[in-house]
Amino acid sequence: MDDTGARIAQRVRLERDARGWSLADLAARSGVAKATISKIERDETSPTATILVRLAGAFDLTLAGLLLRAEGAAGRLSRAADQPLWRDPDSGYLRRQLFLRPDHPVELVAVEMPAGGRVVMPASSYAHIRQVVWVRAGELTLTEGGQTQRLGPGDALGFGPPSDAVFANETTAPCAYVVALARS
């Protein structure tokens with residue numbers, strides 16, 4: 001990858017400091033252990049997607065919004081070579097930020113979920129957005145609002161009201177999908 005981990009560490013600390021929050025304050029708001037936040041801020045551990053979503057939610061940001069702030073502002077053109085990559089250390093999924101601008105209501109994210117990979121996203125990560133998932137290759141099992149959908153290549157699913165969601169690849173082959181998000 002690149003130095004995204006170090007930039008995430010700096011950004012979490014900057015967001016916390018900007019609000020005048022202690023580690024305990026951020027822990028209480030995010031549900032992430034104080035020791036874990038401290039390790040993230042010191043770049044001693046790479047946070048999982050679930051933890052980043054919780055931290056972003058505490059800052060009233062989406063995961064992509066937090067990552068964008070860590071990466072710096074982007075222009076209208078998002079060149080493939082400049083698109084930030086981040087690998088979730090827990091599930092192994094690889095996330096590529098295809099397009100995101102603070103002044104644009106739509107963002108695009110490409111995800112490669114390895115065989116057996118699974119990520120749980122809390123409802124708070126969908127509080128101010130609407131999203132659609134489009135599977136490009138493989139199979140994705142998505143459980144949202146108590147309903148499970150199995151999506152194959154070309155299938156797309158629009159999310160309903162905010163609820164916990166589980167993205168899982170229950171097969172032995174990788175899965176690739178795109179997430180389109182719009183701020184509501």
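The model is predicted, so local features need pLDDT of at least 70 and side-chain atom pairs count only at pLDDT 80 or more, whereas totals for chains, interfaces and linings use all residues. Residues are numbered from 1 along each chain as its sequence is written, and side-chain values use heavy atoms, with hydrogens and water left out.

**Overall fold**
- The chain has five helices and 10 strands, where helices (H or I, at least four residues) and strands (E, at least two) are DSSP runs numbered from the N terminus.
- Along its principal axes, the C-alpha trace of the chain spans about 45 × 35 × 30 Å.

**Contact of α1 with α5**
- Helix α1 (residues 4-18) packs against helix α5 (residues 63-71) at an angle of about 105°, and their axes lie 8 Å apart; axes are lines fitted to C-alpha atoms, for helices over the stretch in contact, and angles run from 0 to 180 degrees between N-to-C directions.
- α1 and α5 are therefore roughly perpendicular to each other, a label that covers angles of 65 to 115 degrees.
- On the α1 side, Thr4, Arg7, Ile8, Arg11 and Glu15 meet Leu66, Leu67, Arg69, Ala70 and Glu71 of α5, contact meaning heavy atoms within 4.5 Å.
- The residues of this contact divide into four nonpolar, one polar and five charged; Ala, Val, Leu, Ile, Met, Phe, Trp, Tyr, Cys and Pro count as nonpolar, Asp, Glu, Lys and Arg as charged, and the others, Gly among them, as polar.

**Largest pocket**
- The lining of the largest pocket has six nonpolar, six polar and four charged residues; a pocket is an open set of points on a 1 Å grid over the protein atoms alone, where a 1.4 Å probe fits, with protein on both sides within 12 Å along at least five of seven lines, and lining residues have an atom within 4 Å of a point.
- α5 gives the most to this lining, with three residues.

Methods
Angles under 35 degrees count as roughly parallel, over 145 as roughly antiparallel, 65 to 115 as roughly perpendicular and the rest as oblique.
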